[in-house]
Amino acid sequence: HLVEEGKLLEDGTFPAGITIDELDVPESVRLVVGRRLERLGEEAQRVLAAGAVVGRAFPFSLLEEIVDVDAGRLLDIVEEAEAARVIVPEGRGGQVYYSFAHELIRQTLLSGVSMLRRQRLHLMVADAIERTDRRARSERPSEIANHLLQAGAAAEPARTLEYLELSAGRAIASAAFEEALRACEDALSVVDPDDTLRKAKIQERKGWAVRALGRYDEAIALWDEVIDVYAGHGLVEEAAALCWECGYMLVWLTRFDQTFVYYSRGLSILEDRVSVSRAVLVASRGAVLGVAGLYDDAEKNLHEAEAIAGELDDDRALGMLHWARTVANWSNTRIHDAISTGYQAIELLRRAKDQWTLVDALSWTAFPLNATGDVEAGLALGTEAAELAKRLGHQAGEVLGLRSVGLNAYMLSRDLSEVERIVREDLARCDAIQSPWVAQSYGWLAAVQLLRGDLDGARASAQRASEVEPLSAYSGVGWSYEFLVAAYSGERATCTAMLEEARGLLPAPGRRQGLGRTVQLIAAVHGSVVAGLPADAAELYPAVADLVDELPLSFFDITLTNRVAGMAAAAAGHWDEAVSHFETALRQAREWPVVIEEPQVKLWYGRTLLERGRSEDEARGRALVDEARTAYADLGMPLHTALADALLR
């Protein structure tokens, strides 16, 4: 019956979260169990019913506190019930606990207790726990809160509410966010509706729980109401802080216009107050402008935030400022600046004990470290960010940290199937918070599928990346992999049309643009050479050569910029420059290392030496291509193996 009702699993266990009121013991079963219990006598049934109110297991010491039975007689009853296999003893931390032999026994006992008596028993249990355990308030608030809730009108509403709030706070601190959410919802059902401030504080805590569960829109809706209540009660710093939190989530949902609405709302609430919140909001506005690709506008806001933070001399304000600079720098291909400001942000945020933003600073600094080949430092920061984010319930931060770790693993891996698994997990994490930044996951997936020779899969992923890609500093990632797929598919006309479409969007020498356009430039050169469009690659050589020191590694296909610059130089007939780029790329691939790039460098370096037409280069050129071909076969890269074979022929 219970299986059919969906209340009992096939293996005979109860699903997590089942409550007493949800269970419906069939009458026939209750009669059978009831007959077994009748043999123990009425007094024993009353005692065991009190134990059933405690829970699925109860300590003997607690039972002594809630039943009015002589200690010797109580021991006899418990021993008789144990002999009848109604309860089972076990030791826990030096205490004797008893569990019911089957949950149906407990349910049958409870069904024989009137609602009023059950409420009084729950209140007695809550009182007894408080009385017998001095640590209960701090360590067992959810247990006491549950009994007070079940006690209903018998318990003081203020006491019930207090324990529900304690329970929610402890659950959030323990990353038990579903439990925290239940406690907040129960608290909202108990709190006086006229006590708007207390209700708002519970609602704020509920927002933290739902945000940690990835339900960003729900958290924003909850906090939107709270902001007005806080502002109305003069809690302007708290209201402004929530405006920042809402804006942060909206960035992940790529709703930049709404982000600025919340930041402006926070600043309006603060009026002329010079505070950490003001510095944070202005700095974050700069970070968002950087992510949007508006670097000059970002800088204006960051300078304003710097003046406020400098006046306050506050570690958190300064840490947030440097984190915002890191975001703007990385997003706009100012890689070395991003590393410098990132390290400053990390140090300041550690001192300020702002763990939430520390997660972001660690992740955003790990990316440029990886891009400069500092694999060890990038891995350390990305790993710390992911682990800390998981403890905090910072889902967006966990996405960033694990993405950094995944890109790091990609650089070192010889197993492309494992890399694809990592990328698909990244995609699932972005999907879980319904973020349009999943576009980058699709671009990354397309890059890996292309390396594995899955042209159809790579094309579909790249097209999906372009479809969902938000307009930002990262625009162009989807185009990059669509173009490379077309190039490796031999679709020369498509490549020509796509290059014409991109003309004017790609970075020029000495002019930094968004990271997406920079990736697009590198892909344009790479794909042009593959597709047999040397003039187009040659035209872009000055721009890509200008990037080799600023962005040594391109994302998300982990391409060495020096390797692509070498391809462009060769296409332009600049042989000496090409050789120099390839030699540097070969050294980087080995020293950092970048496993997937070493055969790529060898293939295109070997081809350059052969095309150059000097007899003294021929033997080395063929050897490099042959080594590349062996590595491609070992890595499972059939398209690239075929390229090497064709070149050797």
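The discussion below concerns a predicted model.

Trainee: What does the protein contain overall, in helices and strands?

Mentor: There are 34 helices and 5 strands. The C-alpha atoms fill a box of roughly 105 × 60 × 40 Å along the principal axes. Of the 649 residues, 55% are buried. Among contacts between residues at least 6 apart in sequence, 62% join residues at least 24 apart.

Trainee: Why is α15 described as largely enclosed by the rest of the structure?

Mentor: A residue is buried when its relative accessible area is under 20%. In α15, 16 of the 16 residues are buried, and therefore the helix is largely enclosed by the rest of the structure. Just after α15, G293 takes a positive phi of about 90°.

Trainee: How does helix α6 compare with its expected length, and which of its residues are buried?

Mentor: Helix α6, residues 115-132, has 18 residues and reaches 26 Å from its first C-alpha to its last, close to the 26 Å expected. Its buried residues are R118, Q119, L121, H122, L123, V125, A126, A128 and I129. The elements covering these buried residues include α2, α3, α5, α7, α8 and α9.

Trainee: Why is T518 called buried?

Mentor: T518 has 1% relative accessibility, and the cut-off for buried is under 20%, so T518 counts as buried. T518 is found in helix α27, residues 515-531. Leaving aside neighbours within four places in sequence, T518 is in contact with T333, P507, Q513, L547 and L551.

Trainee: Why is E43 given the label partly exposed?

Mentor: E43 has 30% relative accessibility. Buried requires under 20% and exposed requires over 50%, so a value in between is partly exposed. E43 lies in helix α2, residues 42-54. Not counting residues up to four places away in sequence, E43 touches V69, R73 and I77. The C-alpha atoms of E43 and V69 are separated by 9.0 Å, although these residues are 26 apart along the chain.

Trainee: What makes β2 and β3 a pair of strands, and how do they run?

Mentor: Pairing requires at least two bridges. Strand β2, residues 87-92, is joined to strand β3, residues 95-100, by 6 bridges, so the two strands pair, and they run antiparallel. The bridge partner of V88 is S99 in β3. The hairpin has 2 residues between the strands, and G93 takes a positive phi near 55° there.

Trainee: What makes a space a cavity, and how many cavities are found?

Mentor: A space counts as a cavity because a 1.4 Å probe fits there but cannot get out. The whole structure has 5 cavities of 30 Å³ or more. The largest cavity has a volume of about 400 Å³. Its lining has 25 residues, with W252, V291, W364, L400 and Y474 nearest the centre. The elements giving two or more residues to this lining are α13, α15, α17, α19 and α21. By class, the lining of the largest cavity holds 21 nonpolar, 2 polar and 2 charged residues.

Trainee: Which residues lie nearest the centre of the second largest cavity?

Mentor: They are L451, H526, D557, T559 and Q600, from a lining of 14 residues. About 110 Å³ of space lies in the second largest cavity. Its lining divides into 7 nonpolar, 4 polar and 3 charged residues.

Trainee: What can be said of the second largest pocket, and which element gives the largest share of its lining?

Mentor: The second largest pocket holds about 620 Å³ of space. Among its 32 lining residues, I172, W208, R211, E245 and W356 are the closest to its centre. The largest share of the lining, 7 residues, comes from α11. By class, this lining has 18 nonpolar, 4 polar and 10 charged residues.

Conventions: Residues are numbered from 1 along each chain as its sequence is written. This is a predicted model: local features need pLDDT of at least 70, side-chain atom pairs count only at pLDDT 80 or more; totals for chains, interfaces and linings use all residues. Side-chain values use heavy atoms; hydrogens and water are left out. Buried means under 20% relative accessible area, exposed over 50%, partly exposed in between (1.4 Å probe, protein chains only). Helices (H or I, at least four residues) and strands (E, at least two) are DSSP runs, numbered from the N terminus. Contact means heavy atoms within 4.5 Å. On a 1 Å grid over the protein atoms alone, a cavity is a set of points where a 1.4 Å probe fits but cannot get out, and a pocket is an open set with protein on both sides within 12 Å along at least five of seven lines; lining residues have an atom within 4 Å of a point. Grid points are joined across faces, edges and corners, and a volume is the space filled by probe spheres set on the points. Ala, Val, Leu, Ile, Met, Phe, Trp, Tyr, Cys and Pro count as nonpolar, Asp, Glu, Lys and Arg as charged, and the others, Gly among them, as polar. The expected span of a helix is 1.5 Å times one less than its number of residues.
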